[in-house]
Amino acid sequence: MNNRRHFLVKSASALTMTFIVPSLLSSYAQAKKPLDQKVTDKKSWGMHIDVDKCADGCTACVDACNEENGLTGFGRPETDSQWIRKIKIKDKTTEKITTMPMLCQHCENPPCCDVCPTGASFKRVDGIVMVNQHTCIGCRYCMMACPFKARSFVHETLSTQNTNAPRGKGCVESCNLCVNRIDHGSETTACEDACIKAGHNAITFGDLKDSNSKVRLAIESNSPRRLRDDLNLKQKVFYSNI
Amino acid sequence: MSDYTLNKLKAPRLLYWGIFLFLGFLILIGLASSAYMEHEGHYVTGMNNQIVWGLPHIFAVTLIIIASGVLNIASMSSAFNKKLYKPLAPLSALFAIAFLIAGLIILVLDLGRPDRLIVAMTTYNFKSIFAWNIFLYSGFFVILAVYIWSMLDFNVNRFSSLVGKIAFGWRIILTTGTGSIFGFLVAREAYSTAVLAPLFIVMSLLYGTAVFYLLLRVISRLQSIDIPDEITKNIRRLMIIFLLANIYFLILYHITNLYISKQIAVESFILLNGGGYTTMFWLGQVGLGLVIPLLYEMTNDEGRSFGLTITSLMALVGGFFAVAVIIIGGQAFPLNIFPDHIILESSFYDNVIHSYTPSIFEFGLGVGGTSLALIIILILITNLKFIPAKK
């Protein structure tokens, strides 16, 4: 009796695994970009931030990033990770006060990648600067080298993580322009989505090589600047109206 | 034939075991501290996302600088053919290897992922000065081992001068590499200058010579022998030259920074209004570490071993402050992300001087690592013939 029941259960499971699960997965995969496809330099991801549209007190981008990447704090702000943060600045000459998000600037000549002894900090051919969580040894030299303080070190044991954003205790991490979304075929980041949803439209993300992309149009119509242009790092994050 | 022989350390048994157990205990504390930091995560240390390198790095960099500098005595013999130092050359090379191991162990045990040391040893990014340093350190280790062998084994003794010269060249490059870890950081205004490389070299000469003399004093006490006056006088002269060289390069370093207008803010932070960092700079690095020992030695009677001991101790403590001011002071000053703006608010401490209070675990790791260097020396001089004596 028991054997027959086991046989039926196992058969049903096998059928499910063979026919139903793949069909479910294939319908998901069809809608997205195949993950085994190599990253190419046909696209160059970048971001434009119009600081005049960035609302004082709004943290929609920060909250969205935290949720997207599972960045739950431990109540210790000096050691908790921040991939994107809000900054309020005042112009020394005009005294204009602006608020804006700061994140990894995805430099074309990234100092973090230059100094990383193992090459764990790397720049993809599509311009995304990120950390290989398998080869980062946690030396923090990249944090010393970054002129924008864009990186965080994971100071605590992580108990829950989002599957789309693997993190590692003792490793360094930073904004990766929602690389998991991009590799699945999406062309938005969590912070951009949140900023649009909040009605501000300060953040525009997209392909810098596509002359019709919204990020290119935003850059061309605003004549933005890069932060610390004197360092010639050629960042992919542009700021307008600073 | 030479007029000296090399002996093993013959310290009183009880004293030997007392020192051995004490150092062993400190090493265990270091290991326990490291294990705790790795298990809990680095939040238990004083380091954070603002001050990413802390007390362990001060210890490690100081020890690595000492490792290079302590070879001075051997270099004087092999590279500059000073016969006076020849009997002391094996000891000098042994100290170098011991301090190098200690400095590197501290660095490794402070990594976020020390278990991935094998990754660091097998995967290199050759654009990184850190990766080059891994080669420089391991190469130095090998060269020192061969150097010691060539000095102690009569059959290969004819190569010792050549290997000594290679070791001398290698240590200059090595300390240049250590200084360049900071000198190549364009993001940090306190660092981005090549003057740091020669500054580190003269620091290594000073601290290395000081450590050599202090250890020589301890060993001569344990062995109940006297250090020849000629050695004391020569080391004293070297100390004066190295103190002057340090003052020269320190002034050059700060004048260079003061001349570059965008670096004036960080300079005034270190020199004038940096609170604890300014105090550490003037009282620790400059006063205790350079000016007082220099004045003391220049007005002191030649050849007084007690005076040289005090000078060496002061230079060493001052050296520790010097490395602390460079490492912590350079990070405490906030990054200049917006040169034309004042940062009013930030959740990531972009607008404040960063604070750093080292934890007991970092101190434990540093002391444990330093003890490792001393226990290596103790074990090797007890079991192999390193200590010179007149025939």
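Reply: In H1(B), the buried residues are B:Leu23, B:Ile27, B:Gly30, B:Ser33, B:Ser34, B:Met37 and B:Glu38. This is a predicted model: local features need pLDDT of at least 70, side-chain atom pairs count only at pLDDT 80 or more, and totals for chains, interfaces and linings use all residues. Residues are numbered from 1 along each chain as its sequence is written, while chains are lettered from A and ligands numbered from 1 in the order in which they are written.

Me: What do the buried residues of H1(B) pack against?

Reply: They pack against helix H4 (89–110) and helix H13 (360–383) of chain B. Helices (H or I, at least four residues) and strands (E, at least two) are DSSP runs, numbered from the N terminus.

Me: How do you know that the span of helix H1 of chain B agrees with its number of residues?

Reply: The expected span is 1.5 Å times one less than the number of residues. H1(B) has 28 residues (13–40), so it should span 40 Å. Its end C-alpha atoms are 40 Å apart, which agrees. B:Gly41 follows H1(B), with a positive phi near 105 degrees.

Me: Why is H2(B) called roughly antiparallel to H4(B)?

Reply: Helix H2 (residues 55–69) of chain B and H4(B) pack at about 155 degrees, with axes 8 Å apart. Angles over 145 degrees count as roughly antiparallel (under 35 roughly parallel, 65 to 115 roughly perpendicular, the rest oblique). That makes H2(B) roughly antiparallel to H4(B). By class, their contact has 13 nonpolar, 1 polar and 1 charged residues.

Me: What makes a residue nonpolar, polar or charged?

Reply: Ala, Val, Leu, Ile, Met, Phe, Trp, Tyr, Cys and Pro count as nonpolar; Asp, Glu, Lys and Arg as charged; the others, Gly among them, as polar.

Me: How many residues does the contact take from chain B and from chain A?

Reply: It takes 39 from chain B and 46 from chain A. Residues are in contact if their C-beta atoms, placed from the backbone, lie within 7 Å. E2(B) gives the most to the side of chain B that touches chain A, with 6 residues. That side has 20 nonpolar, 12 polar and 7 charged residues.

Me: How many helices and strands are in chain A?

Reply: Chain A has 7 helices and 9 strands. Of its 242 residues, 43% are buried.

Conventions
Buried ≥ 20, exposed ≤ 12 C-beta atoms within 10 Å, placed from the backbone. Contact = placed C-beta atoms within 7 Å. Axes fitted to C-alpha atoms, helices over the stretch in contact; angles between N-to-C directions.
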